[in-house]
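Come along while I look up a few things, one at a time.

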Amino acid sequence: MEFCGLEAPKIGRLGRPPRCLGGGPHSRLRTRPANRKPRSTVREPRLHYNGINMIRFSTAGESHGEALIALISGLPAGVPVDLNFVNRDLWRRQQGYGRGGRMKIETDKAHVLSGVRHGKTIGSPIAIEMVNRDWKNWEEKLPVEAGDAAKHQAVSSPRPGHADLAGALKYNFPDARYVLERASARESAARVAAGAMAKLMLRELGIEVLSHVIRVGRVELEREAQWDEIVAVAAKEEVVLACVDAATEARMKEEVEKAARTGDTVNGVFEVVAHNVPAGLGTYANWDERLDGLLAWTVMSLQAVKAVEIGRGVTAAESFGSQVHDPIHYAEQETGRPTRFTRPHNNAGGIEGGVSNGEDVVVRGYLKPISTLRKPLESVRFDTRAKTAASYERSDICVVPAAGVAAEAMVAITLAGLAAQKFGGDSLMEMKRNFDGYIEQIRRF
Ligand SMILES: Cc1cc2nc3c(=O)[nH]c(=O)nc-3n(C[C@H](O)[C@H](O)[C@H](O)COP(=O)(O)O)c2cc1C
């Protein structure tokens with residue numbers, strides 16, 4: 001997966017254009033050959049996720065291929081890497097009431113190939129492999145070489161709600177097999193592995209990222225969740241629907257059971273909370289560097305997420321301003337946080353003007369119901385165009401807790417990228433020194 005849009009011009013180490021365009025001794029204008037057109041000094045609109053973030057990441061792999069790969073680079077050297085932490089997140093992504101059979105086949109484990117030595121990052125790209133244990137059943141159906149065409153397992157009718165039809169048309173495939181292989185949310189396991197690395201870096205700065213479920217179908221958590229409750233939910237050894245309230249979770253479970261009984265599917269809303277984020281990540285200075293915009297993009301890029309909300313963005317749209325905006329107070333005593341500015345509530349979700357404001361960053365993802373139905377919707381055959389039922393492959397019924405874990409990864413990678421951009425540093429020691437200096441600066445503000 002690549003977050004690429006318009007191509008970015010070359011940018012400096014700190015994610016900004018080099019400052020030396022004005023004719024100084026290091027000016028690129030001076031060294032440019034006379035016959036080349038001078039470059040515009042006006043920054044053109046651009047959209048290139050990996051270009052504006054110091055931390056770059058991508059994934060490779062298919063649902064029934066040999067392995068998934070996560071590649072993440074830009075983390076400073078010296079970040080302690082706890083593989084149990086990475087594997088725990090991979091496990092959390094596989095949990096939840098309503099998951100399908102695949103979760104019983106796969107127990108994802110991170111196999112780090114590069115970038116970590118003696119338990120710490122070394123500043124080089126980190127490659128992580130997660131083998132697909134089901135590969136042995138697919139080796140002949142999906143070989144890398146030409147193989148035996150008779151063993152190919154075609155997806156002969158596109159499934160509504162999936163990339164099947166659009167992907168087959170786009171890539172000129174005779175059926176949807178290859179589309180499904182890559183569009184599947186199996187890919188999100190690789191995001192979680194990369195995200196765990198980003199979390200490990202953030203943890204060194206005191207920042208934690210977790211999620212919980214606030215809605216399944218029509219059942220909604222009707223109160224705010226406290227950070228300690230979210231921590232407790234994430235620490236559970238048995239994940240039902242990752243809701244902080246047991247009674248609400250039981251009713252959520254009934255929603256999933258109802259869907260299962262009728263051959264239907266159901267999803268809902270997760271909430272990701274990034275705790276202890278200092279004020280100052282992201283900026284209003286350029287549209288493509290706003291924290292809210294970046295989070296909307298990265299969380300929306302997850303399979304099945306169809307809307308992203310920052311803080312109380314949705315209900316804010318139907319409320320008066322006096323009910324929404326978070327007043328600013330100043331505490332008489334130290335708050336235990338970098339500043340004594342306090343907010344009685346956090347409807348803004350920790351972001352104002354595209355900049356983190358020192359409150360918890362709160363991002364919600366709204367998931368459409370799973371598209372593969374045991375009672376399939378109408379479709380047509382790719383070969384004959386005859387009316388048929390959509391293809392069915394083993395499928396989940398509800399994935400809200402798992403999607404929340406994948407979204408944690410996207411939020412962590414986004415915040416880690418902005419933290420690396422702001423604080424810089426090739427080693428963790430250097431980054432922490434810069435971070436501590438900044439925290440001291442806002443403490444004294
Ligand atoms: C963790 C997770 C697991 C998923 N599992 C399934 C599944 O088993 N079956 C299914 O039809 N869709 C599943 N989805 C959703 C599809 O991947 C997604 O709807 C589909 O690829 C189309 O993409 P879109 O919904 O973003 O348009 C899952 C999504 C997530 C986040």
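Which helix gives the largest share of the shell around the ligand? I looked it up, keeping in mind that this is a predicted model. The answer is helix α13, residues 400-423, which supplies three residues of that shell.

Next I asked who comes nearest to the ligand. There are 21 residues around the ligand, and the nearest are Ala 185, Gln 303, Thr 372, Ser 395 and Asp 396. I also sorted the shell by class: 10 of its residues are nonpolar, nine are polar and two are charged.

The axis of helix α3 (residues 83-93) comes within 8 Å of the axis of α13, and the two cross at roughly 145°. I noted who makes this contact: Asp 89, Arg 92 and Arg 93 on the α3 side, and Ala 402, Val 405 and Ala 406 on the α13 side. By class, that gives three nonpolar residues, three charged ones and no polar ones.

Then I turned to a sheet. I found four strands in an open sheet, ordered β1-β2-β6-β3, with antiparallel pairing. At the edges sit β1 (56-60) and β3 (111-114), each of which pairs on one side only. From one strand to the next, the twist averages 20°.

How many bridges join β2 to β6? I count six between β2 (residues 67-73) and β6 (residues 126-131), and these strands run antiparallel. One spot to look for is Ala 67, which stands opposite Val 131 in β6. I also found a helix packed on the sheet: α7, residues 188-204, touches β1, β2 and β6. The direction of α7 makes about 30° with that of β2.

My last stop was helix α8, residues 227-234. Which residues of α8 are buried? They are Ile 230, Val 233 and Ala 234. I wondered how they are arranged, and looked down the axis of α8: the buried residues fall within an arc of 95°, so they line one face of the helix. On the face turned away from that buried side, I found Asp 228 and Ala 232, which are exposed. As for what covers the buried residues of α8, the cover includes strands β7 (208-216) and β9 (268-275).

Technical notes. Residues numbered from 1 in each chain as written. Predicted model: local features only at pLDDT ≥ 70, side-chain atom pairs only at ≥ 80, totals over all residues. Pairing = 2+ DSSP bridges. Axes fitted to C-alpha atoms, helices over the stretch in contact; angles between N-to-C directions. Contact = placed C-beta atoms within 7 Å. Near = placed C-beta within 6 Å. Nonpolar A, V, L, I, M, F, W, Y, C, P; charged D, E, K, R; others polar. Buried ≥ 20, exposed ≤ 12 C-beta atoms within 10 Å, placed from the backbone. Arc of directions from axis to C-beta.
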